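Subject: Structure handover

Hello,

Here is the structure for your files. My notes on what was found in it come after.

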Amino acid sequence: MSDLSQIVKAYDVRGTVPDQWDERVAEALGAAFTQLLNSTDEPGDAVVVGYDMRATSPGLAAAFAAGVRAEGRSVIEIGLASTDLLYYASGSLDLPGAMFTASHNPAQYNGIKMCRSGARPIGQESGLAEIRERAQALLDSGDARPAGAPTRPAERRDLLPDYAGYLRKLVDLSGIRPLKVVVDAGNGMGGFTVPTVLGDAALSPLPLEIVPLYFELDGSFPNHEANPLDPANLVDLQRAVVEHGADIGLAFDGDADRCFVVDERGEPVSPSAITALVAARELAKHPGSTVIHGLITSSAVAEIIREHGGQPVVARVGHSFIKAEMARTNAVFGGEHSAHYYFRDFWFADTGMLAAMHTLAALGEQSLPLSVLAGEYERYIASGEINSTVTDQAAAVAEVRAAYPDAVADEMDGLTLRFPDGAWFNLRASNTEPLLRLNVEAPTRDRMVSLRDDVLDRVRR
């Protein structure tokens, strides 16, 4: 019997198939999702369902849709999609949705990202726990589909052209200088969306020469994992940018809701710099607006937001926290260190493609190379995220806190300590593994290295 507590995580469903879940579980989750919607008078009478390129995704999505239809709502099937294409469907149609993807996880995994109408997020505290309980009850009863329940219809729609056209209206790339762009889709959904958004002549040609890497949809990820957060997975992109003399490189994760950027030298551009760059562009259009930034983005992000007349607001790590804070403050934009970027013009949802288009526009509207342009938004030296396996996480964090009694502490998400010279670090526990995650930033490399090594020594002692 399936134990759904093993696969229903803080923000989504994620687990190995068929070991931890299968189509029977997917059908129960579809029924439970719809029960939640019906109990809260969610508007509309349909649910949008999309899926990624993993071999198990079509079957799981179809089973989920059967559960939805049995509980009295029809289904709009959008087929292959990136996660932000599903959010576009949910937002533009004002309907709840479900995206079948395990994002950057290995091939044996799959999952579901669910949202309410208008792409509003569903997490543990906003309905996911109740969905788990309802689905578990259906599975324990031995019948995921209610007996004699009416079956509502399903309709197939292709929303990719509409999605591409919508993004093109938000960021006009038609007047930029010609750019050569290497795109590594990692055999994920970027290979499905990029040709239409950035290269479809039907939408009017753009001055972009796209050099594709791994655009073939293949959920076995034959070339490298679709996780650009791991530097090893950027190596092919970095090499190709230099070999082709490209102006920029873009790397998407498996479901293409995150985008990483590489400059013309093949050097990664930090997500904090992209957050600051996009924030400046959005503030130019919407002066005085609020911009959300994740807790562990660079200090430069808040500084640059203020310099451009915006109001920086910090939020906990995780898309449900960022989206909730954006909705509360009506923020124009939000960015995280993990390369998730959120836009008010996109229903407060995250879209790697729109962030990529803003970066292309910023680069193409002036003559500087990306390394120089991005350098204007990078002011400090960061360690990047460093993971340590720690059994007693609370004890380790307490020991680190005691070692720096004069630092200013913040416990919004883990432990953040700030020092008078501008250096800081955040130490927080993983939600799913016995890991402590450390991020350090300082004005100089020597200071960063010294602080990093001192904290790691205490954590790993």
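**Cavities**

The largest cavity has a volume of about 40 Å³. A cavity here is a set of points, on a 1 Å grid over the protein atoms alone, where a 1.4 Å probe fits but cannot get out, and lining residues have an atom within 4 Å of a point. Grid points are joined across faces, edges and corners, and the volume is the space filled by probe spheres set on the points.

Two notes on the source apply throughout. This is a predicted model, in which local features need pLDDT of at least 70 and side-chain atom pairs count only at pLDDT 80 or more, while totals for chains, interfaces and linings use all residues. Residues are numbered from 1 along each chain as its sequence is written, and side-chain values use heavy atoms, with hydrogens and water left out.

The lining of the largest cavity is made up of Asp184, Gly186, His224, Glu225, Asn227, Pro228, Asn233, Ala251 and Phe252. By class, that lining has three nonpolar, four polar and two charged residues. For these classes, Ala, Val, Leu, Ile, Met, Phe, Trp, Tyr, Cys and Pro count as nonpolar, Asp, Glu, Lys and Arg as charged, and the others, Gly among them, as polar.

A search of the whole structure gives two cavities of 30 Å³ or more. Helices (H or I, at least four residues) and strands (E, at least two) are DSSP runs, numbered from the N terminus.

A pocket is an open set with protein on both sides within 12 Å along at least five of seven lines. Of the 14 residues that line this pocket, Gly123, Gln124, Glu125, Ser320 and Phe321 are the closest to its centre. Helix 10 gives the most to the lining, with three residues.

**Cores**

The largest nonpolar core has 88 residues, and those with the most contacts inside it include Ile78, Tyr163, Leu250 and Phe252. Such a core is a set of buried Ala, Val, Leu, Ile, Met, Phe, Trp, Tyr and Cys residues joined through side-chain atoms within 4.5 Å. Buried means under 20% relative accessible area, exposed over 50%, and partly exposed in between (1.4 Å probe, protein chains only). Helix 11 (residues 352–364) contributes the largest share of this core, nine residues. Apart from this core lies another, of 35 residues, Val13 and Trp21 among them.

Strand 10 (residues 248–252) runs antiparallel to strand 11, and four bridges join them. Two strands pair if DSSP finds at least two bridges between them. Ala251 stands opposite Phe260 in strand 11. Strand 11 (residues 259–262) is covered on both faces, with Cys259 and Val261 buried on one side and Phe260 and Val262 buried on the other. Strand 11 also pairs in the antiparallel sense with strand 12 (residues 268–269), over two bridges. Gly266, in the turn of that hairpin, has a positive phi of about 85°.

**His286**

His286 lies in the loop between helix 8 and strand 13 (290–294). His286 is partly exposed, with a relative accessible area of 24%. Not counting residues up to four places away in sequence, His286 touches Val332, Arg344 and Asp345, where contact means heavy atoms within 4.5 Å.

Regards
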